[in-house]
Amino acid sequence: MRVLRWRFAAMKIISRRDQTSGSAMNLVLFLLGLSVVINYIDRSNLSIAAPLIKDELGISASQLGTLLSAFFWTYALMQVPAGWLVDRFDVKWVFAAGFFIWSASTAVTGLLHGFAALLVVRVVLGVGESVAFPGYCKIIGEHFPEGRRGFANAVGMAGLALGPAVGMMVGGGVVGRFGWRPFFVTLGLLGLLWLAPWWAWMPRRTVRSARELERAVGIVDILRQRSAWGTCICQFCLNYCLYLLVTWIPFYLVRERNLTMNQMARVGGLIFLSSAASALTFGKLSDRWISAGSSPTKVRKGVTVAGSLGLGIFLAASVVAPQSVFVWSLALAGVFNGMTASNVWAITQTLVGAQSVGRWAGVQNFIGNLAGAVAPALTGFLLERTGRFAWPFFIAAGIAVLGAISWMFVVGPVQEIVWGKDVRRPLAVPACPAPESPLP
């Protein structure tokens, strides 16, 4: 009888997993994609309103630079603690708490009148948004099988590209017409509406046993894995190129390519829209190739290597291309950026497994977001010394190629690592009772 009860309980668990991995999770996936769009609008909105804020508050250029970088201080530093939180507690509530903090911070920004107050709220914004990508990885790793993870992650990466696109194409006009304060308050309050469907649609995690918690993989165990260092290097390389485009592409288009503000908005939007469409396309294609029998190693690593190489080639080409074709070179850089991004987190989710994916994602995103401190500052330094964008773009191209090399030679086979108390030894998994076993 105990065996029958065990089998009945197992069937109920499988049934619940099937329900949460089917059509119900498609609604959650839509919410995750929308949250990434909101995330990237909220983290980039200060740059859209920067000229008006500088003039109204009378702050210096260095103070403005401090405000623009303050977000990354806590965002990067909180990645590892955020990864631990989503592994230890129900990601539904951890993610909701982070989302509330970052949306409330955005709304409050529109009510502040001093440099110190703005600095504090930008630091708090980084704390709230730190749960985002560890949370995304945890949810997709737990609720989406290998054959659906490419598209599921691509939805998030499409949101990542759509955020800056919407910010450039819509946010600039809204700020110019209504001012920066209503823009921030409205963004924050509208963002809070996202929480209602999240509470309704996101399933709660089943209670984990003490044995499962004991077997959770620690940060030190993760850092012993060569593939962990490989994914961290790759994340840094991809983010370096992304932050170069997000922070400097408007200035490059207006000052070096002599485009008007309206032309800049269209070209900048084209880059990120191309990236979004490419992420969705290659995320879906990679899932189909795996379902058709190709190995995750061949498909996911192949797509990321090709995407990283293409990104490097077209970034370098865009800065030397003539005026008539440079826009298309930038658009193709966006295409290859989306191609790479579509499978980055799918590889991580497969390597570590659902139980500890939050921790690995936290480490990976911490290293990756150090690029947010390096890329904008180094670009500004080189631009001041040379007066042109050639070296910043060439360096970004070389870093993209370094990412391709890391995907190829540092990251190992895309298959789940077998973890035990000592990660250097395989974990022995007891066999399930056979159907013909005698009842005790």
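These questions and answers cover one predicted model.

Local features here need pLDDT of at least 70, side-chain atom pairs count only at pLDDT 80 or more, and totals for chains, interfaces and linings use all residues. Residues are numbered from 1 along each chain as its sequence is written, and side-chain values use heavy atoms, with hydrogens and water left out.

Student: Which helix gives the most to the nonpolar patch on the surface?

Tutor: The patch is formed by Ile233, Leu309, Ile313, Val401, Leu402, Ile405, Met408 and Phe409. Patches take residues with over 30% relative accessible area and no salt bridge; nonpolar side chains (Val, Leu, Ile, Met, Phe, Trp, Tyr) are joined within 5 Å, like charges within 9 Å. A salt bridge is a side-chain nitrogen of Lys or Arg within 4 Å of a carboxyl oxygen of Asp or Glu. α15 (296–320) and α19 (390–409) each supply at least two residues, but the top giver, with five, is α19.

Student: How is leucine 402 classed: buried, partly exposed or exposed?

Tutor: Leucine 402 is found in helix α19; helices are DSSP runs (H or I, at least four residues), numbered from the N terminus. Buried means under 20% relative accessible area, exposed over 50%, partly exposed in between (1.4 Å probe, protein chains only). Its relative accessible area is 44%, so leucine 402 is partly exposed.

Student: Is α13 roughly parallel or roughly antiparallel to α19?

Tutor: The axes of α13 (residues 226–256) and α19 come within 9 Å and cross at roughly 155°. Axes are lines fitted to C-alpha atoms, for helices over the stretch in contact, with angles from 0 to 180 degrees between N-to-C directions. Under 35 degrees counts as roughly parallel, over 145 as roughly antiparallel, 65 to 115 as roughly perpendicular and the rest as oblique. So α13 is, relative to α19, roughly antiparallel.

Student: How far apart are the C-alpha atoms of glutamine 225 and valine 411?

Tutor: Glutamine 225 is found in the loop between α12 (219–223) and α13. At 17% relative accessibility, glutamine 225 counts as buried. Valine 411 is 186 residues from glutamine 225 along the chain, yet their C-alpha separation is 9.4 Å.

Student: What is phi of asparagine 258?

Tutor: Most residues other than glycine have a negative phi. Asparagine 258 is found in the loop between α13 and α14 (261–291). Asparagine 258 is exposed, at 62% relative accessible area. Its phi is positive, near 55°.

Methods: Areas by Shrake-Rupley, 256 points an atom, 1.4 Å probe, with all protein chains shown as cover.
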